[in-house]
Amino acid sequence: MEWFRLLSLRKVPARAQTQTTESDMLSYDVVEWGKPLEKAERETPKPNGTEVLLTLKYCGVCHSDVHIRDGYFELGGGKRLLMSDRGMTLPATLGHEPYGTVIAAGPEAGDVPIGADRLVYPWMGCGICARCREGLDNYCMAARMIGIQRRGGYADHLLVPHPRYLIDASGIDPAWAATLSCSGLSTYSAVSKLNPIPREEWVAVIGVGGLGLTAIGMLRAMGHERIIAVDVDAAKLNAAEVAGAAATIDSRDVEVAKKLQQIAGGPIYGAIDLVGNTDTASFALGALRKGGRLILVGLYGGEIPLSLAATIQRALTIQGSHLGSVAELKEVVALAREGKLRPIPFQKRPLSEVSRTLDELKAGAILGRVVVEM
Ligand SMILES: [Zn+2]
Ligand SMILES: [Zn+2]
C-alpha cells in the first residue's frame, strides 16, 4: 500500500521532500507581547501526513496584527480579549495573508501541485469536527488559524495542514491576491449575508475605513448600486463615493436613522456595521424596514438594549459575520479574476520591515495595504 501510494503521488517523489528542507527557515516573531518582532531562525519543518510546505513570496500586513502583537483586543467597557486565552503561545509568527510556492507535501497529502503558486486560506479549524468537515472552518470551536495559533506568514516558509486550504489565484497580481484572504474575505462574507439584495433596495455601509471601502467594492462587484456610506470623516466619505457609494452621510451632526430613511425614501433593507459601537448599531437598527437585516462586522465592542417584541414584530435579523469559509475565498478570487473587484492601493516592502510596518499601522500612518516580500 505504501509503495503504491508513493508512486501515485504526482511529481512528489519522497526524496524531493527532504531535499527542499535542509536550510533553516527565517521568520519575524513576537517574543514578548507589545514588543518589536524579532528575527528568528529555526529548522525548516518537514511536512508530515497531509501537510504541505510552501516557500512564501508575499504576506499582507493586516491592522489586526497590531492588536495581536500587543496580545489583546479592546472590547470596550474596560474588557479585553487576550490572545493568550485564544490559544496563542510565544514565540509566535504572525501574518495571515500568505502567498507562495508549494515545494513539498506529506505522504497523505494526495495530489498536490508541487511548484505551483497558491494563496493560503488562513482561518482553519481543527480539521476534524462537523463544521470543519462541511468546509466552515471559521465556525470551528477549536480554531487553529495561521498567524495566530499556527506559525504565520511573516516568514520565508509556511507549513499548511492540508492542501484543501490552498487556492489557485493565478491571473491576479500575487501581491494583491495575498490581501484577499483577510479583508477581502471578511467583507465578501458579510455582504453575502444580505443576498439576494433586491436591486431597488438600499444598503448602508457604516464605517468606511479599509474594510468599509472594500465592502462597497464587493457590493458593486455583485451588481448592487444603492449604497449609502456613513462615517464621521469627510475624507473617508469622499473615498466612499469614489469606491461607488451612491450617497454619503456624515454621522456627526445628524440623526442618522432618519437621514438614511430620507435618502432611501423609507426604511432600508440592510446595513453592514463595520464599526460596532452602541451608536452605529442603534441607528442602523432604527433605519431598517420589516424583514431588514443588520450584519455586524466591526469589533469596536459596544452593547445595545434590544426590544425583543419589536425585533419579532419587525422580523429583524441581526447577524454577526466573522472571517469567511474556504469556498467564499474561492468566490472572492473569482470576482477579482473577472475584474469585478478592483485592487485596493498597496505597496511592497521587504520582510525585514514588517515590525516597522506594524508600528506605522498603529500610528495610522499607512494608506491602503502593505505587502511584505520575501
Ligand atoms: Zn487580517
Ligand atoms: Zn473544527
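I looked up the two domains and found the C-alpha centres of domain 1 and domain 2 to lie 32 Å apart. I took domain 1 as 2–181 + 324–334 + 343–373 and domain 2 as 194–320; such bounds come from an automatic or database domain assignment. The contact takes five residues from domain 1 and five residues from domain 2 (C-beta atoms, placed from the backbone, within 7 Å).

I noted that this is a predicted model, where local features need pLDDT of at least 70, side-chain atom pairs count only at pLDDT 80 or more, and totals for chains, interfaces and linings use all residues. Residues are numbered from 1 along each chain as its sequence is written, while chains are lettered from A and ligands numbered from 1 in the order in which they are written.

Next, the sheet. I read an open sheet of six strands, ordered S13-S12-S11-S14-S15-S16 with parallel pairing. Strands are DSSP runs (E, at least two residues), numbered from the N terminus, and two of them pair if DSSP finds at least two bridges between them. Strand S13 (247–250) and strand S16 (317–320) are the edges, each pairing on one side only. Between strand S11 (residues 203–206) and strand S14 (residues 268–273) I found four bridges. Valine 203 has glycine 270 in S14 as its bridge partner.

Then I checked leucine 296. Leucine 296 sits in strand S15 (residues 288–296). Is leucine 296 buried or exposed? Leucine 296 is buried, because 23 other C-beta atoms lie within 10 Å (buried means 20 or more, exposed 12 or fewer, partly exposed in between, with C-beta atoms placed from the backbone). Among the residues that leucine 296 touches are Asp273, Ala281 and Ile318.

Conventions
Two residues are in contact if their C-beta atoms, placed from the backbone, lie within 7 Å. Lists of a residue's contacts leave out its neighbours within four places in sequence.
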